[in-house]
Amino acid sequence: MIFKKWFGKKPKRQQPEPKQEPKVFVIDTNMLLNRKSDFIAKFSEGRQDIVIVIPWAVIDELSGFRRRSFSERSGFSSDFKNDIRSAWSVVSDRIDAQEWRTIGSGGKTFKEIFQRNGFALGVNDVRILSAVGNLKEKFPRVFLVSRDRTLCEVAKKLGI
């Protein structure tokens, strides 16, 4: 009563804004090559609602390409070698600056599901899907970003 007398109407309680869950984008190796890594870096720049995650399987693939690209007999074209260098620098810079995150496959693996359903995926693809599946358990909005049709089809069938 005294409050109303001195200050007018009683102030309304401030409702805290509901916390928005981030969109988590898991990037496959093929999106980092072919000059796509620059697009991903620009897409995520300054956005608080987006988290870019690079699975360790992708880092393993990139570092394997990088090591092989130093060999004269690698069979890689000079353009592909440049793409590898570019992708490696973007990934390592963003991870060092803690703008992008890394994740191992850990947790439950989907290997048994793939074998039961007859999916033929490489080891790294299984590791990538396992990482995505484990993130899906923690975050409601997880997206796999890949140009690999088979990987995308399997992810769709698994509800990823």
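Two residues are in contact here when heavy atoms of each lie within 4.5 Å. By that rule, and leaving aside neighbours within four places in sequence, phenylalanine 139 is in contact with Glu21, Pro22 and Val24. Phenylalanine 139 itself sits in the loop between H7 and E4, and at 26% relative accessibility it counts as partly exposed. For that word, the scale is this: buried means under 20% relative accessible area, exposed means over 50%, and partly exposed is in between, with a 1.4 Å probe and protein chains only.

Before going further, a word on what you are looking at. This is a predicted model, in which local features need pLDDT of at least 70 and side-chain atom pairs count only at pLDDT 80 or more, while totals for chains, interfaces and linings use all residues. Residues are numbered from 1 along each chain as its sequence is written, and side-chain values use heavy atoms, with hydrogens and water left out. The pLDDT is the predictor's confidence in each residue, from 0 to 100. Its average over the chain is 77, and 75% of the residues score at least 70. Confidence is lowest in helix H1 (residues 2-7), with a mean of 52, and highest in E4, at 90.

Now for the overall layout. The chain has eight helices and four strands, and from the N terminus on they run α-β-α-α-β-α-α-β-α-α-β-α. Helices (H or I, at least four residues) and strands (E, at least two) are DSSP runs, numbered from the N terminus. Among contacts between residues at least 6 apart in sequence, 72% join residues at least 24 apart. Of the 160 residues in the chain, 36% are buried. The chain exposes about 11,000 Å², and carbon and sulfur atoms supply 50% of that area; such areas come from the Shrake-Rupley method with a 1.4 Å probe, and for residues only the protein chains shown count as cover.

What about the interior? A nonpolar core is a set of buried Ala, Val, Leu, Ile, Met, Phe, Trp, Tyr and Cys residues joined through side-chain atoms within 4.5 Å. The largest one holds 35 residues, of which Val26, Ile27, Leu32, Ile52, Ile54, Trp100 and Leu144 touch the most other members. Take leucine 144 from that group: not counting residues up to four places away in sequence, it touches Val26, Ile128, Leu129, Val132, Leu151 and Ala155.

The aromatic side chains come next. A pair of aromatic rings is described by the distance of the centres and the angle of the planes. Rings of Phe, Tyr and Trp (its six-membered ring) pair if their centres lie within 6.5 Å; planes under 30 degrees apart count as stacked, over 60 as edge-to-face and the rest as tilted. The structure holds four aromatic pairs. In one of them, the rings of phenylalanine 25 and phenylalanine 143 have centres 5.3 Å apart and planes at 25°, so this pair is stacked. Phenylalanine 25 lies in strand E1 (residues 23-27) and phenylalanine 143 in strand E4 (residues 142-145), so the pair ties together parts that are 118 residues apart in sequence. Phenylalanine 25 is buried at 14% relative accessibility, whereas phenylalanine 143 is partly exposed at 35%.

Another pair joins phenylalanine 76 and phenylalanine 80: with ring centres 5.0 Å apart and planes at 65°, it is edge-to-face. Phenylalanine 76 is buried, with a relative accessible area of 18%, and phenylalanine 80 is partly exposed, at 21%. Together with Phe65, Phe76 and Phe80 form one aromatic cluster.

Serine 69 touches Ser74, Phe76, Lys81 and Ile84, not counting residues up to four places away in sequence, and it is buried at 5% relative accessibility. Its side chain reaches the backbone oxygen of arginine 66 at 2.7 Å.

Asparagine 124, in helix H7 (residues 123-138), is buried, with a relative accessible area of 18%. Glutamine 98 lies in the loop between helix H5 (78-96) and strand E3 (101-103) and is exposed, at 63%. It has a positive phi of about 60° although it is not a glycine.

Methods:
A polar contact is a pair of N or O atoms within 3.5 Å; within protein, one must be able to donate a hydrogen and the other to accept it, and residues adjacent in sequence count only if both atoms are side-chain atoms.
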